[in-house]
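Here is a short briefing to read alongside the structure. Please have the sequence and the 3D view open as you go.

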Amino acid sequence: MYDTMATQTPATSKLSVQCQLEKMATLSPSEQNNHAFLELVNDYMFSTNQFDLFERIVSYRSNEITKALPSTQPRGNLFTTLTCDTARSITGVTPFRNLPEIFLSIERIALAFYGDILGCWAAFKVSQLISEAENHLVKHSSMPRGKLHTAPDNDRYRYEVVTDIRDDQRLFLTNYSPVPMKLSLANVLINLETFVKQQHWYEMLYYLDVSSYGEHFILYQENDNSPPLLLSTALIQRWQHRDNWLTFDPFFQTESWTLIASNEKIQTLERSGIFHKPLKNKLNLGSVAAFDYSLLQTITQKRAVCEIIRMAIGGPREKLNHILYLTLKYLTVKLADIGLEAAYTIVEQPSILAFYGSVNNDSKGTLPYVSICQQKVEGTDLTTYQGIVFTGPMSQAFEHCSFRDYNKRIIKMRRQARTAENA
């Protein structure tokens, strides 16, 4: 999927590409020059079958920079690694061993045009997506190019769960391109723009295909005389796909994560009806990995459990908070409606965590949200939480919570947090 650009050319010689790169190195970044550079990289890939060019450059530099860092320095993600002070003396400077010489020329222009190789890689992926969408429109000329007409606020919002988005042939617009796209492409684009480009989760570029298939929740807004505007999506991974759950990825079970499973939380898990009773004596509190595994072994209602990841909000900037509210509300309601009672989640967004905390404070009985472990995000003020949302009580909370109430709850929790810090 998305493996070609619209302007694919016949085989281009390495010498020709190298000469063009040398000329391009004298230019300044601009929309036109950047686009020409990405097309040139695309031509080189096809002429040499170096389709993993970006992966090889990034992996090589990441390993090289990590080895050069002081042993006492905390290891960050790809973005912090490839943009740190040490990286400046390596990227675009030292040659690649056992890799084509032209990789260094490509890296140097990527640094000049995009600031770093990661930003260039993301831009290249976006170009591929848009080119594939344009090619699809050409092949299906009866499908009109979209023009966005935004519907009135709180009007014509629709949501649903799509069993497998790669089989959905509908066209959607996004806020990131005027080109209508099939749902699978539109979802990848939103994931690219939000998780990768905005939140710098560049690790996702290695596994971008995950966003092009599978069961997804989608929220969109219908428009007059044009395809609907895709506003948000989330990947639903049911029990049978638990081997792919991000929750149990080794990254989320290292010693940097702290177990925070209190007696109250364990009681909530027990009362949910999803796990064995009694529960506490079956749980291993020795580590996050041990707890997660032991809890997984106690699940009795397997069809009622899923994981929700890659929740991407891709609406207009001035409406993002409202779209986030609608997404949380309708996603929770829909999950409860289709019998998914417990959803594993990984959350670091403060507003979501504040709302969940507020709902828990008002709860009488089963907590709507149970956080299991946490980790401080290196280089930020954020803390990431791994936990479980119980969709029944959470959807009930949303039924009595308007957008205004939602904001009030978040503001109140933030004030309480500031008061506690200053006490």
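Predicted model: local features only at pLDDT ≥ 70, side-chain atom pairs only at ≥ 80, totals over all residues.

A search of the whole structure finds 13 salt bridges, and the largest nonpolar core holds 64 residues. Strand β5 is largely enclosed by the rest of the structure, while aspartate 116 is buried and yet has no salt bridge.

**Aspartate 116**

- You will find aspartate 116 in the loop between α6 (102–114) and α7 (117–139).
- What is the nearest side chain of opposite charge to aspartate 116? That side chain belongs to arginine 88, and it is 9.9 Å away.
- The side chain of aspartate 116 does reach backbone atoms: the nitrogen of leucine 118 is at 3.0 Å, and the backbone nitrogen of glycine 119 lies 2.7 Å from one of its polar side-chain atoms.
- Beyond its neighbours within four places in sequence, aspartate 116 contacts Phe79, Thr83, Ala110 and Leu111.

**Strands around β5**

- Strand β5 covers residues 226–238, and twelve of its 13 residues are buried, so the rest of the structure largely encloses it.
- Strand β4 (residues 216–223) runs antiparallel to β5, and seven bridges join the two. One of the bridged pairs is asparagine 223 with serine 226 of β5.
- Strand β7 (residues 305–313) also pairs with β5 in the antiparallel sense, over six bridges. Here threonine 233 has alanine 312 of β7 as its bridge partner.
- The hairpin of β4 and β5 has two residues between the strands, and asparagine 225 takes a positive phi near 60 degrees there. Asparagine 225 counts as exposed, at 79% relative accessibility.

**Nonpolar cores**

- Which members of the largest nonpolar core touch the most other members? They are Phe37 and Phe54, out of the 64 residues in that core.
- Helix α7 gives the most to this core, with twelve residues.
- Phenylalanine 54 touches Val41, Met45, Ile117, Cys120, Trp121 and Phe124, with residues up to four places away in sequence not counted.
- Another core lies apart from this one; it has 37 residues, among them Ile313, Leu326, Val347 and Ile352.

**Salt bridges**

- Aspartate 85 and arginine 88 meet in a salt bridge at 2.3 Å, N to O. The two are three residues apart in helix α5 (residues 85–88), and so about one helical turn separates them. Both ends are exposed: aspartate 85 has 61% relative accessibility and arginine 88 has 57%.
- Aspartate 52 forms a salt bridge with arginine 56, where the closest N and O atoms are 3.9 Å apart. Aspartate 52 is partly exposed, with a relative accessible area of 33%, and arginine 56 is partly exposed at 26%.
- Aspartate 362 and arginine 409 meet in a salt bridge at 3.0 Å, N to O. Aspartate 362 lies in helix α12 (residues 350–362) and arginine 409 in helix α14 (residues 403–422), so this pair ties together parts that are 47 residues apart in sequence. Arginine 409 counts as partly exposed, at 22% relative accessibility.
- Salt bridges that share partners also join Arg61, Glu64 and Glu107 into one network.

**Leucine 269**

- Is leucine 269 buried or exposed? Leucine 269, in helix α9 (residues 263–271), is buried, with a relative accessible area of 1%.
- Leaving aside neighbours within four places in sequence, leucine 269 is in contact with Phe275, Leu279, Phe291, Leu295, Val370, Ile388 and Phe390.

**Backbone details**

- Asparagine 49 has a positive phi near 60 degrees, in a residue other than glycine. Its place is the loop between α2 (31–48) and α3 (53–68), and asparagine 49 counts as exposed at 57% relative accessibility.

Technical notes
Residues numbered from 1 in each chain as written. Heavy atoms only, no water. Helix = DSSP H or I, 4+ residues; strand = E, 2+ residues; numbered from the N terminus. Buried < 20%, exposed > 50% of the residue type's maximum accessible area, 1.4 Å probe, protein only. Lys, Arg positive; Asp, Glu negative; His and termini not counted. Salt bridge = Lys/Arg side-chain N within 4 Å of Asp/Glu carboxyl O. Polar contact = N/O pair within 3.5 Å; in protein donor to acceptor, adjacent residues only side chain to side chain. Contact = heavy atoms within 4.5 Å. Pairing = 2+ DSSP bridges. Core = buried A, V, L, I, M, F, W, Y, C linked by side-chain atoms within 4.5 Å.
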